[in-house]
Amino acid sequence: FFWNSHPERVYQKLFEHWQKYWTEDRKKKANALQLDPIKVSILASIVDEEVNLKSEKEKISSVYLNRLHKNMNMQACPTIKYAMRDFALTRIYNKYLTIQSPYNTYINPGLPPGPVCTPQPETIDIVLNAPQTDYLYFVANSDFSGTHIYSTNYDDHLKFAKKFAEAQDRQESIRKANQ
């Protein structure tokens with residue numbers, strides 16, 4: 001687009017691209033997940049903001065789909081960052097989880113009303129082709145490798161989450177000591 005492109009032209013071009021992207025095959029896959037293209041895009045935006053490693057996106061997508069299908073709250077940290085409008089947050093504390101916003105997926109069921117970023121087309125396809133797992137929880141690995149530990153029950157999740165929080169505390173103490 002040029003700087004002086006008319007808004008209707010911009011919208012038309014974006015809409016045409018959307019129609020081309022959402023082929024019948026992709027629409028069928030979305031329908032099989034009991035989602036529509038908009039909801040798949042919203043979920044893909046959360047996955048994109050949740051994880052940096054492409055290799056983790058499939059399992060993360062699976063966890064969120066499992067939560068949706070079990071009518072669990074999504075409890076997605078990227079939605080808290082979006083609700084707070086603080087995209088530099090590196091740690092989500094419990095005190096943030098009560099913020100009143102339709103984007104707070106810790107207190108509001110289902111997906112937020114819109115995406116938290118522009119999802120990558122590749123991530124949309126990952127969501128549409130997510131593997132079937134029994135995972136309901138995940139937490140970043142305490143070695144800070146960018147990988148996650150997945151679990152099927154809350155008790156195991158809490159053990160792994162505690163280890164990660166302790167690792168974050170140690171890292172924060174080192175950082176403060178070096179200042």
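In this predicted model, Lys 27 is partly exposed, with a relative accessible area of 37%. Its partner in a salt bridge is Glu 24, and the closest N and O atoms of the pair are 3.8 Å apart. Glu 24 counts as exposed, at 52% relative accessibility. Both residues belong to helix α2, where a spacing of three residues separates them by about one helical turn. An α-helix has 3.6 residues a turn, so residues three or four places apart point the same way.

Asp 156 is partly exposed at 28% relative accessibility, while Lys 159 is exposed, with a relative accessible area of 54%. Salt bridges with shared partners also join Arg 91, Asp 169, Glu 172 and Lys 176 into one network. The structure holds nine salt bridges.

Asp 48 and Lys 57 form a salt bridge whose closest N and O atoms are 2.7 Å apart. Asp 48 is buried, with a relative accessible area of 11%, and Lys 57 counts as buried at 4%. Glu 56, located in helix α4 (residues 54-69), is buried yet has no salt bridge. The nearest side chain of opposite charge, Lys 59, is 6.1 Å from Glu 56; this pair does not count as a salt bridge because the cut-off is 4 Å. Beyond its neighbours within four places in sequence, Glu 56 is in contact with Val 51, Gly 146, Thr 147, His 148 and Tyr 150.

The largest pocket has a volume of about 1400 Å³. Of its 38 lining residues, Cys 77, Ile 92, Ala 140, Phe 164 and Gln 168 are the closest to its centre. Helix α7 supplies the largest share of this lining, 11 residues. By class, the lining of the largest pocket comprises 19 nonpolar, 11 polar and eight charged residues.

The second largest pocket has a volume of about 350 Å³. Its lining consists of 14 residues, and Trp 18, Ser 41, Thr 118, Pro 119 and Ile 124 lie nearest its centre. Two or more lining residues come from each of α1, α3 and α6, with α1 giving the most, four residues. This lining has 11 nonpolar, three polar and no charged residues. Ile 124 is also one of the buried residues of helix α6, whose cover includes α1, α2, α3 and α4.

Notes: Residues numbered from 1 in each chain as written. Predicted model: local features only at pLDDT ≥ 70, side-chain atom pairs only at ≥ 80, totals over all residues. Heavy atoms only, no water. Buried < 20%, exposed > 50% of the residue type's maximum accessible area, 1.4 Å probe, protein only. Lys, Arg positive; Asp, Glu negative; His and termini not counted. Contact = heavy atoms within 4.5 Å. 1 Å grid on protein atoms, 1.4 Å probe; cavity = no way out; pocket = protein on both sides within 12 Å on 5 of 7 lines; lining within 4 Å. Points joined across faces, edges and corners; volume = space filled by probe spheres on them. Nonpolar A, V, L, I, M, F, W, Y, C, P; charged D, E, K, R; others polar.
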